[in-house]
Each structure stands twice: as structure tokens, then as C-alpha cells.
Amino acid sequence: MKTIITGASGQYGSLAVRKLLDVMPAEDLILITRSPAKLQHLADLGAHVRFGDFDDPSSLLSAFQGGEKMLLISGTRVGARVIQHKAAIDAAAAANVRHISYTSVVGISPENPAKVVADHLPTEQMMKASGMDWTILRDQHYTDAMVLNMGPNFIQSGIWLSSTAGGKEAPVWREDCVNSAVAVLTGEGHENKTYNITGPELLDFREFAGLLSGLTGHKVDYVETDDAGMYAMFDSMGIPREPVDDQSVKGITWNSDDMVTFEQSIREGFFNVISDDVEKLTGMKPRSVRQMIEENLKILAPA
């Protein structure tokens, strides 16, 4: 049974491939990427590395041929992904893919103001209407994003600016999300189910900042602002308001429309979601914010 991984050269995709290679032969993997040269080492192992671009639907039908299961990893352009995901779902159905799994987000509802939801909700609906079996992996906010991407900026400035006003979420390690996806791809009985992939505890950003301060020894003051204040901060960092392909500013690859509406959603309680689905799927408890900070002290607080 061949398994398709989209975005196989990205962070999530490359980690998923490494873990799948521990449990299946390389020739059972169909790896989709816009940059096949980046995956030549996997082609050398026997994996089927194929060009595929969500913005070029004609490239996808042939790329997906022969696959029975597919992990559709959401695209990177937050706020502009529905057309891309439709192209991938339509091509998968046309290629007779039997089961499609998708990396979505917790807190899906039409009322949720987060820009990511405007991408994920229609994608979920399209999957359910596709005629294929589906599994939805609703991932919480990545702990990695807050600790490894934003953490050094907070430590350098000494300020954690936020508009979340005490709203809580249960951040989850990207690797725990990937482990959950691999469990679905390699297991049985996950058809037409939705899982909330979350960390082990609900935290507000003041508590998060307190952990960062206490564990690194660098004082980080939590400061409340409003949406306009958040936009001003991101503008000063040179982060685009709308999505831009392959742009990273101080390790941040998102756009500020995404992040400001995400904080609004936390503030309004839409991401106050916690579950034990990681443990149910993988047999392992999800790891904490504290553990990620402790394991990365040399990066966050070099001697």
C-alpha cells in the first residue's frame, strides 16, 4: 500500500517521512514536492519522489497516481489555501486515492475569527464531500512556534506583547503532531474520524512568559495590548501582513493577519481545547511547554 506525503520537503513533511521510513520500505512512499532535488537522497533509497505544486493542478493527478493513502499537509500561505487544497483533493479523488488525512486546526467553527480557520473549515468540508475516506488531525498551536521561533525575540526584547487577554490554549509539539499523523497513516480504524491533537495543559500567554523567564533566567515581561498594537509590532519586525511564499523574518514564516486573528481567537476562547488524542493514537503522552524550553536552553539562553 503506497502512501502519499504532500509537502514532503517541508518541516512537517520531512519529519513524517523520517518516521515512516522506520516502519515501511521507502518504495511504499510517494513524496510530493516543488523541489525534487531536495529529496534526491530519498529517491536513492527507493522512494518515489515526484514534482507536484498545489498552484499547478495539472501536476497533481500524475503525481498522486498509485497512492492509496495520502497525508495532505496544509499549505503555507495562510489565508490563501482553499484553492490549493481543492486542487489536491480533486486530484486525489481522480487518482483513486482511498483515504486522505489532513492537518487542520483545533477550534473549527464558522464563528472563529482566526484566518487559519477560513482555510481549514472549507478544506474539511471538501474532504468529507470527496467520496474518499478521511481523517482530520486538528492540531493545536505549535509549541515550537512559540518557544523556538518567537522565544528568542521575547528574550532579546524582554517583552512578550500579546492581545490574548488571558485566553488559554494547549500548545503541542510539532513532533507529537507528526507522531499522531504517522499513527493514522500506519494504523487501522481511523476512517472518517476527527482528532484534536493538543498538548497536556492549558496555558495563557502570561503563564507561558513566566515559564520562559523562570527557566531561561532572562526576564520576560508580559504586556497586554490590542490588535492594533500587535500589528504595529509585526510591522516593525518587517513581517508581511498577507502571506508571502518562502519569506522568513527572524525565523518567522507567517504573516501578521494570521497571527493577529489567531490571538483574537485565543482571546475569545475558540482555542481553549485540550484532549488526550495524542496518547490514544501514539501510546505516548504529549510533551509540555516546560520540557521544550528545558531541552532548548542552549539556544534560548546561551552561556
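Predicted model: local features only at pLDDT ≥ 70, side-chain atom pairs only at ≥ 80, totals over all residues.
Residues are numbered from 1 along each chain as its sequence is written, and side-chain values use heavy atoms, with hydrogens and water left out.

**Helix α9**
- Helices here are DSSP runs (H or I, at least four residues), as are strands (E, at least two), numbered from the N terminus.
- α9 spans residues 227–236, and its buried residues (under 20% relative accessible area, 1.4 Å probe, protein chains only) are G229, M230, Y231, M233 and F234.
- Those buried residues pack against α6 (143–157), β7 (159–162) and α10 (256–267), with contact meaning heavy atoms within 4.5 Å.

**Aromatic pairs**
- Rings of Phe, Tyr and Trp (its six-membered ring) pair if their centres lie within 6.5 Å; planes under 30 degrees apart are stacked, over 60 edge-to-face, and the rest tilted.
- That rule gives five aromatic pairs.
- One of them is F205 with F208: the ring centres sit 6.4 Å apart with planes at 90°, so this pair is edge-to-face.
- Both F205 and F208 belong to helix α8 (residues 205–216), three residues apart, or about one turn of the helix.
- F205 is buried at a relative accessible area of 2%, and F208 is buried at 1%.
- F262 and F271 have ring centres 4.5 Å apart and planes at 35°, so they count as tilted.
- F262 and F271 are both buried.
- Ring pairs also join F154, W160, F205 and F208 into a cluster.

Methods: Buried < 20%, exposed > 50% of the residue type's maximum accessible area, 1.4 Å probe, protein only.
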